Amino acid sequence: MINNNRFLSLYPTQTETFNYETKTRIAIIISSLIILANLINGHFFAPNGILFTPGALTMITLVMSLDSRNIRPINLSGIVTRFIILHDIGIKLYSGGGHDKESLI
């Protein structure tokens, strides 16, 4: 007889929970690396950081929302918002050198 209890359960098993937590950690690391890569790109190649910002923020949002299954939506939006804020602070502080003094005033 086939055991179908796994398909009837509403709660994930311990292995599935571990996989979800691992995917969430990997998603956070990938999002952090995307931010870091765009900030380094913006620091050394001045206009490219601003130019690639929409793509970087889109990738961060997609990675976090597609790879995080065990986070509630309100917490997920808070994490993505923090990533966007960190990216914005990084762009304003480190990107472009001295050609953009108005955004710091």
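pLDDT is the predictor's confidence in each residue, on a scale from 0 to 100. You'll want it here, since this is a predicted model.

**Stop 1: the whole chain.** Color everything by pLDDT. The chain averages 80, and 73% of its residues reach 70 or more. Of the 105 residues, 24% count as buried.

**Stop 2: the two ends of the confidence scale.** Select residues 5-8. That's helix H1, with the lowest mean pLDDT among the chain's elements, 52. Then jump to H4, which has the highest, 92.

**Stop 3: H4 beside H5.** How do their axes cross? The crossing itself is right-handed.

**Stop 4: where they touch.** Show side chains. On the H4 side, pick Thr 53, Ala 56, Leu 57, Ile 60, Thr 61, Met 64 and Ser 65. On the H5 side, pick Leu 76, Ile 79, Val 80, Phe 83, Ile 84, His 87 and Ile 91. Which classes of residue make up this contact? There are 10 nonpolar, 4 polar and no charged residues.

**Last stop: zoom back out.** Look at contacts between residues at least 6 apart in sequence: 68% of them join residues at least 24 apart.

Note on methods. Residues numbered from 1 in each chain as written. Heavy atoms only, no water. Left-handed = near helix turned anticlockwise from the far one by under 90°. Helix = DSSP H or I, 4+ residues; strand = E, 2+ residues; numbered from the N terminus. Contact = heavy atoms within 4.5 Å. Nonpolar A, V, L, I, M, F, W, Y, C, P; charged D, E, K, R; others polar. Buried < 20%, exposed > 50% of the residue type's maximum accessible area, 1.4 Å probe, protein only.
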